Amino acid sequence: MTIHGTALLSLCLLAGLTAGRLLGASLGIDADIGGVGIAMLLLIGGCQLLERHGLLPPPVGHGVTYWGQMYVPIVVAMAASQNVRGAVAGGWMAVAAGLVATAAAFVLVGVLVRWASGPEPS
Amino acid sequence: MTELARQTLTANGLLAAFVVVGGAMLVSSWVSRWCTRGRVHPSAIAILLGLAAAAVAGGPRGVADLPLLSGVGVLGGAMLRDLAIVATAFGVRPQEFARSGAVGVVSLLTGLCVAFLMGGMTAWACGYRDAVSITTIGAGAATYIVGPVTGTALGASSEVVALSIAAGLVKAIAVMVVTPFAAPVIGLRTPRSAMIFGGMLGTTSGVMAGLAATDQTLVPYGAMTATFYTGLGCLLGPSVFFMIARGLL
């Protein structure tokens, strides 16, 4: 059933967020630390476990993949509900941060590709 | 009649949001196809449209402050956003990733460190001195998801969260546009180099669109490492990177 997939997804997120808050509290920070990342690991692990036991028929998967496909529209809605006027004041900073990070990453891709293809050519 | 329609839209805010966002996605796919010949991915145009709409609306919660579009705030709120991000991890196989060897892990960790470092340094250069804002903007320089997730977790202000999204968006668009031209220079030809590229840049829409414009067959390899980037960033951003930033300040 499709709802089983969505239930599994929601369970992973709830567990991840709780774990993230617990991790935060244990470090003395009143914040969620990596809850979404933990939830992703739980989902990957959980799906593999279910698949191995043949408990992951396509309809269950649809209950998860629907939300994965809603990712971009949800990000668009998120962007549309931000305080953009406030950000525009320092807008060039956002452009600078994005461009500097991109340029540095491109340079390092070149370095890593050369390094990786040295000892073991692909 | 108008009053009746207004009442229906206000009472069914989430449905109105589905229609509005769906329409924005449709327009974006047209703009992408006809105005940029598919070089700029529709999702980047749609996000840009969203940010522009929020700027026009002008409130602290963007278009969600308009009663007719309050549902957009629900659709784009933390709950559904986190649900959708986690769902994208479905079907990712850690074994496949491990097969690409240490180089994938190295590129992921290097890519995240570089993004946080460069974004954080830019924020510092622009006068931000608190660890929460610097970490959030550094996270935005990773991807436009890591930014708001980190910002929300750390309690950053909405302006800083919006800045982090804008930084991530600039990066995604830059990757889409620059990749086809930079590919020969950085040696982006093989599946392995695509995995390094995905792990280093991390912005899924940017990586996928950039690789698609370079060589279609490289897309799944880049996407595979890129899907780890946002999750790893969400894990490390509000924890390790925040603590490093707090320790340095």
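Visitor: Which conventions apply to numbering and confidence?
Guide: Residues are numbered from 1 along each chain as its sequence is written, while chains are lettered from A and ligands numbered from 1 in the order in which they are written. In this predicted model local features need pLDDT of at least 70 and side-chain atom pairs count only at pLDDT 80 or more, whereas totals for chains, interfaces and linings use all residues.

Visitor: How many residues of chain B are in contact with chain A, and which helix of chain B gives the largest share?
Guide: Contact requires C-beta atoms, placed from the backbone, within 7 Å. On that basis 87 residues of chain B touch 62 residues of chain A. The largest share of the chain B side, 16 residues, comes from helix 10 (residues 158–186) of chain B.

Visitor: What is the make-up by class of the side of chain B that touches chain A?
Guide: Ala, Val, Leu, Ile, Met, Phe, Trp, Tyr, Cys and Pro count as nonpolar, Asp, Glu, Lys and Arg as charged, and the others, Gly among them, as polar. The chain B side then has 60 nonpolar, 21 polar and six charged residues.

Visitor: Why is helix 11 of chain B described as largely enclosed by the rest of the structure, and what does it pack against?
Guide: A residue is buried if 20 or more other C-beta atoms, placed from the backbone, lie within 10 Å of its own. Ten of the eleven residues of helix 11 (residues 191–201) of chain B are buried, so the helix is largely enclosed; Arg192(B) and Phe197(B) are among them. The buried residues pack against helix 6 (91–117) of chain A and, in chain B, helix 7 (102–125), helix 10, helix 12 (204–214) and helix 13 (219–248).

Visitor: Which residue just after helix 11 of chain B takes a positive phi?
Guide: Helices are DSSP runs of H or I, at least four residues, numbered from the N terminus. Just after helix 11 of chain B, a positive phi of about 75° is taken by Gly202(B).

Visitor: At what angle do helix 2 and helix 3 of chain B pack, and what is the distance between their axes?
Guide: Axes are lines fitted to C-alpha atoms over the stretch in contact, and angles run from 0 to 180 degrees between N-to-C directions. Among the residues that meet are Ala24(B) of helix 2 and Leu49(B) of helix 3. Helix 2 (residues 13–35) of chain B and helix 3 (residues 42–57) of chain B pack at about 125°, with axes 8 Å apart.

Note on methods
Helix = DSSP H or I, 4+ residues; strand = E, 2+ residues; numbered from the N terminus. Contact = placed C-beta atoms within 7 Å. Buried ≥ 20, exposed ≤ 12 C-beta atoms within 10 Å, placed from the backbone.
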